[in-house]
Amino acid sequence: QVQLVESGGGVVQAGDSLRLSCATSGRTLSTRAMGWFRQAPGKEREFVAAIGSTNSSTSYADSVKGRSTISRDNAKNTVYLQMNSLKPEDTAVYSCVAGLKTSSRYADYVYWGPGTQVTVSS
């Protein structure tokens, strides 16, 4: 079994930066793809970013491209999402996911974390 736990969320102002972390436990995830999704109140879940088993394979949603960086430290079993120039529309619950391949589809992932709230005030 694999457990994912997100941290690093909070309340920030527009233009600020945040780094979200996703700590994994259980079976090693060093060979698994990881990703981040977000869901704002009243909206559908949205793909944010994904990373392959190494830091060389990444993908981003257009809404965060250029402002966010996903990375992983396999030795620490942790995935990060660095978000810069935050906007009020980035407000959402951000969830970490793990699966066999990188994908922008939530259903393609096997494990999901409970999420961490990010609130960006204008």
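R38 is buried, at 6% relative accessibility. Buried means under 20% relative accessible area, exposed means over 50%, and partly exposed lies in between, with a 1.4 Å probe and protein chains only. This is a predicted model, in which local features need pLDDT of at least 70, side-chain atom pairs count only at pLDDT 80 or more, and totals for chains, interfaces and linings use all residues. Residues are numbered from 1 along each chain as its sequence is written, and side-chain values use heavy atoms, with hydrogens and water left out.

Stay with R38. Its partner in a salt bridge is E46, and the closest N and O atoms are 2.7 Å apart. A salt bridge here is a side-chain nitrogen of Lys or Arg within 4 Å of a carboxyl oxygen of Asp or Glu. E46 is partly exposed, with a relative accessible area of 31%.

D62 is exposed, at 66% relative accessible area. K65 is partly exposed, at 49%. Another brings together the side chains of R105 and D108, at 2.6 Å from N to O. R105 is partly exposed, with a relative accessible area of 48%. D108 is partly exposed too, at 23% relative accessibility.

Now turn to the cysteines. The model has 1 disulfide. A disulfide is counted when two cysteine sulfur atoms lie within 2.5 Å. Such a link is a covalent bond between the sulfur atoms of two cysteines. Which residues form the disulfide? They are C22 and C96, with sulfur atoms 2.1 Å apart. C22 lies in strand β3 (residues 18-26) and C96 in strand β9, so the pair ties together parts that are 74 residues apart in sequence. The link of C22 and C96 is left-handed, with -80° about the S-S bond. C22 is buried, at 0% relative accessible area. C96 is buried as well, at 0% relative accessibility.

Strands and helices are DSSP runs, numbered from the N terminus: strands are E runs of at least two residues, and helices are H or I runs of at least four. Strand β9 also holds S95. Is S95 buried or exposed? S95 counts as buried, at 12% relative accessibility. Leaving out residues up to four places away in sequence, S95 touches E6, G35, W36, F37, G113, P114 and G115. Contact means heavy atoms within 4.5 Å.

Strand β9 (residues 92-99) leads on to β11. The two run antiparallel and are joined by 3 bridges. Two strands pair if DSSP finds at least two bridges between them. Y94 has T116 in β11 as its bridge partner.

Strand β11 covers residues 116-121. Its covered face holds T116, V118 and V120. Its uncovered face holds Q117, T119 and S121. Strand β2 (residues 10-13) pairs with β11 in the parallel sense, over 4 bridges. What stands opposite S121 in β11? The residue there is Q13.
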